[in-house]
Amino acid sequence: YVNPALRSKYSAKKSYGYNYEDLDDSFIKSPSRAQDYKKLFDNLSEGHSQDSLIIAVIDELNNKNIERAESLLSNVEITELNRALIYDLSGKIYLKRMDYKKAIDLFSKAIEADPLFSIAYHNRSLCYKLIGDYNRAEDDLKAAIEINDNIALFYFTYAKLNEKKGNKDAALDNYSKVLEIDADYEEALVNYSQLLKGLGEYETAITYLNEAINQNPKITENKFHKANTHFVYGNYEAAIDEYNDFLILHPNDSDALFNVGLSMILMRDNEEGCNVIANSLDIEDSEKR
């Protein structure tokens with residue numbers, strides 16, 4: 001444990017993903033990047049009231065306010081110009097409710113309404129991935145990228161799919177492409193750093209993680225990552241303070257509790273450290289821990 005890289009190996013890590021089973025988990029990645037959708041409005045001529053209402057739906061989906069998003073969407077007038085977009089946004093409401101069959105149907109309708117609607121292919125890919133159909137998921141991602149190869153979100157999702165399939169080299173390439181398109185893509189910086197750590201690229205990983213933290217150090221997720229950075233550098237008291245700040249908002253986060261306990265043990269507070277790790281095991285069992 002004297003070696004920072006070894007400390008990093010044994011601490012719990014987090015990356016962003018698409019796990020809608022727990023919408024309160026701060027590390028859920030939303031498939032609704034408002035800036036990606038705004039690019040589509042060049043193809044619409046609905047007027048500012050419609051556009052602002054659609055943006056409000058996207059924002060509510062980003063904030064996990066599904067009922068509010070659905071209510072706002074019901075007020076949007078469907079036209080031939082926006083039909084594909086409305087089907088797509090409806091599909092995402094069902095995606096977040098984990099009704100993947102209904103979501104796939106709606107994304108398919110969006111694609112039928114506009115076969116060049118790249119985001120609908122991306123979103124349908126997510127559904128296929130979440131039900132374990134990785135081949136269809138990859139086909140849809142390839143179609144999305146073929147239509148529009150300049151949207152960072154598509155490569156982020158492709159990276160997550162390749163991680164799931166165990167293809168880490170391809171995932172690294174995908175994350176690299178994300179950051180080529182959008183160097184400030186925070187979730188990609190975090191996930192890229194976690195993948196690099198796991199592959200032994202310790203110093204490079206810390207560099208990317210620090211970039212993500214420096215962008216917005218006060219957000220909840222970055223409290224966890226700042227704590228991990230303190231832990232790796234051996235600043236255990238600072239690490240415990242940051243983990244505890246994170247735990248105020250997420251008191252049942254077993255990863256943060258485990259890392260607090262590990263930090264305490266490395267400060268020679270063995271009894272209390274073991275008690276905290278035992279608490280983390282009560283929340284989420286782990287033979288390794």
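Relative accessible area under 20% means buried, over 50% exposed, and anything in between partly exposed. The model shown in these close-up views is a predicted one.

View 1. Most residues other than glycine have a negative phi.

**View 2. The salt bridge of Arg97 with Glu67.** In the loop between helix H5 (83-96) and helix H6 (100-113), Arg97 pairs with Glu67 of helix H4 (residues 66-73), a link between distant parts of the chain that are 30 residues apart. The two side chains meet at 3.2 Å, N to O. Arg97 counts as partly exposed, because its relative accessibility is 31%, whereas Glu67, with a relative accessible area of 54%, is exposed.

**View 3. The packing of helix H4 against helix H5.** The axes of H4 and H5 come within 10 Å and cross at roughly 160°. An angle over 145 degrees counts as roughly antiparallel, and H4 and H5 are therefore roughly antiparallel to each other. Their crossing is left-handed. On the H4 side the contact is made by Ile66, Ala69, Glu70 and Leu73, and on the H5 side by Ile86, Leu89, Ser90, Ile93 and Lys96. Sorted by class, the contact of H4 with H5 has six nonpolar, one polar and two charged residues.

**View 4. The packing of helix H10 against helix H11.** Helix H10 (residues 168-181) and helix H11 (residues 186-198) pack with their axes 10 Å apart and at an angle of about 150°, which makes H10 roughly antiparallel to H11. H10 passes H11 in a left-handed crossing. From H10, the residues that make the contact are Lys168, Ala171, Leu172, Tyr175, Ser176, Val178 and Leu179, and from H11 they are Ala188, Leu189, Asn191, Tyr192, Leu195 and Leu196. By class, the contact of H10 with H11 comprises ten nonpolar, two polar and one charged residues.

**View 5. Asp184 in the loop between H10 and H11.** Asp184 is exposed, with a relative accessible area of 53%. When residues up to four places away in sequence are not counted, Asp184 touches Leu189 and Gln215. Leu189 is also one of the H11 residues in the contact with H10. The C-alpha atom of Asp184 is separated by 35 Å from that of Thr79, a residue 105 residues apart from Asp184 along the chain.

**View 6. The salt bridge of Lys165 with Glu138.** The side chains of Lys165 and Glu138 meet at 2.7 Å, N to O. Lys165 lies in the loop between helix H9 (152-164) and H10, and Glu138 in helix H8 (residues 134-147), so the pair ties together parts that are 27 residues apart in sequence. Lys165 is partly exposed, with a relative accessible area of 37%, whereas Glu138 counts as buried, because its relative accessibility is 16%.

View 7. Glu180 is classed as exposed at 60% relative accessibility, whereas Lys177 is partly exposed, with a relative accessible area of 26%. The structure holds twelve salt bridges.

**View 8. Arg268 in a loop, a residue with positive phi.** Arg268 has its place in the loop between helix H15 (254-266) and helix H16 (270-283). Its phi is near 75°, a positive value in a residue other than glycine. Arg268 is exposed, with a relative accessible area of 67%.

Notes: Residues numbered from 1 in each chain as written. Predicted model: local features only at pLDDT ≥ 70, side-chain atom pairs only at ≥ 80, totals over all residues. Heavy atoms only, no water. Axes fitted to C-alpha atoms, helices over the stretch in contact; angles between N-to-C directions. Helix = DSSP H or I, 4+ residues; strand = E, 2+ residues; numbered from the N terminus. Parallel < 35°, antiparallel > 145°, perpendicular 65-115°, else oblique. Left-handed = near helix turned anticlockwise from the far one by under 90°. Contact = heavy atoms within 4.5 Å. Nonpolar A, V, L, I, M, F, W, Y, C, P; charged D, E, K, R; others polar. Salt bridge = Lys/Arg side-chain N within 4 Å of Asp/Glu carboxyl O. Buried < 20%, exposed > 50% of the residue type's maximum accessible area, 1.4 Å probe, protein only.
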